[in-house]
Amino acid sequence: MGDIFGHFRTVESNKHFDFIEIVDGVFACIHRLGGSAICNVGVVNLGEETLIFDAFMSPNVAKVLVDYCSQYNLPPIKYVINSHWHSDHIRGNQVFSDEVEIISTRETLRLMEENIPVELNNRDEVLRHWSSLKNDVENYAGSREDRSYQEKIMWLPFFEEMADTDSRFELRYPNSVINETRVISGSFHEVHLVPTGPAHTANDLIAYIPGQNILFASDLVHAGMHPYFSDGDIRGLKNQLREMIEIAPACCLPGHGPISDVNAIPEMVNYVEAVEKVAQNLKGKILKNKSADIEIPDAYRDWWFPQFFEKNVHFMLAKI
Ligand SMILES: [Zn+2]
């Protein structure tokens with residue numbers, strides 16, 4: 001097992017993601033600033049077949065991964081997991097061959113059917129947002145090193161992909177749903193797909209490789225980034241995070257952010273509790289200026305996507 005401080009072997013890099021070997025036959029694709037991968041993806045060589053955990057935001061980026069798999073002689077891709085319905089995890093589905101089993105929970109399939117066509121119909125608004133963001137980036141007056149500039153660079157490909165509903169994009173749904181843990185074994189590695197119940201969304205899938213003590217946590221864990229609560233369930237999320245701490249994975253692949261170890265998980269619990277505390281303090285008060293009254297605690301000031309903190313507090317306020 002390599003350590004979390006960058007000693008894993010980077011097999012390939014492109015402008016969208018780094019393709020990193022965690023242990024022999026288990027890989028992480030880590031999104032790069034300004035790329036169109038957006039989410040992280042896990043890859044497991046089972047022995048006779050390959051399993052891909054999440055499918056990226058961009059079909060073009062998913063295609064790069066398919067090419068890497070054949071370039072590095074991985075066995076045929078047989079399983080693609082959609083951990084949850086958010087666009088940045090499922091839009092790459094279309095590039096995988098028809099023989100591939102695309103697996104999600106029943107709730108994820110339902111939420112994809114419910115939400116993704118609505119997103120696709122929203123193209124005009126997305127295009128407006130994209131062009132105003134592009135304009136902001138082109139005319140940015142400060143330093144390229146500013147976090148506020150880099151945040152814009154981070155969001156730009158997201159909206160570019162959202163706006164791309166032309167002939168290149170064709171929504172493909174999971175063709176296999178599970179409601180219980182499913183074990184997929186091969187001669188090399190074994191993967192446990194575990195439905196979490198309500199957590200980051202109505203019912204996410206996480207993946208655990210017991211032989212190597214590696215966890216693919218999807219968006220239940222964000223490393224160095226504010227998570228997004230609004231489609232999920234706080235109590236369920238906390239319970240799941242606690243169960244993950246019990247597992248004590250040596251390596252935790254978050255949905256967003258760098259490869260981590262078990263410590264990323266209690267850090268998420270602390271974050272949830274920090275949001276709860278801020279929400280408790282605001283409860284019953286009339287907020288004069290919504291944003292100004294919600295201060296991000298020091299521990300999370302340098303985390304990416306600070307705008308989610310306020311959203312998370314409002315989500316929590318509606319629940320307590
Ligand atoms: Zn998500």
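The domain assignment divides the protein into domain 1 (9-109 + 173-267) and domain 2 (116-163), with bounds taken from an automatic or database domain assignment. The model is a predicted one, in which local features need pLDDT of at least 70 and side-chain atom pairs count only at pLDDT 80 or more, while totals for chains, interfaces and linings use all residues. Residues are numbered from 1 along each chain as its sequence is written.

The C-alpha centres of domain 1 and domain 2 are 25 Å apart. Domain 1 contributes 10 residues to the contact and domain 2 contributes nine, where contact requires C-beta atoms, placed from the backbone, to lie within 7 Å.

Turning to the strands (DSSP runs of E, at least two residues, numbered from the N terminus, as helices are from H or I runs of at least four), β7 (residues 101-105) has four of its five residues buried, so this strand is largely enclosed by the rest of the structure. Buried here means that 20 or more other C-beta atoms, placed from the backbone, lie within 10 Å of the residue's own. Strand β6 (residues 77-81) pairs with β7 in the parallel sense over three bridges, pairing being called when DSSP finds at least two bridges between two strands. Here Tyr-79 is opposite Glu-101 of β7. Strand β8 (residues 176-178) is also a parallel partner of β7, over three bridges, with Thr-105 opposite Ile-178.

Finally, helix α8 (residues 307-317) buries Phe-308, Phe-309, Asn-312, Val-313 and Met-316. They span an arc of only 140 degrees around the axis, which places them on the same side of α8; the arc is that of the directions from the helix axis to the C-beta atoms. Their cover includes α6 (234-247) and α7 (264-282).

Note on methods: Two residues are in contact if their C-beta atoms, placed from the backbone, lie within 7 Å. A residue is buried if 20 or more other C-beta atoms lie within 10 Å of its own, exposed if 12 or fewer, and partly exposed in between; C-beta atoms are placed from the backbone.
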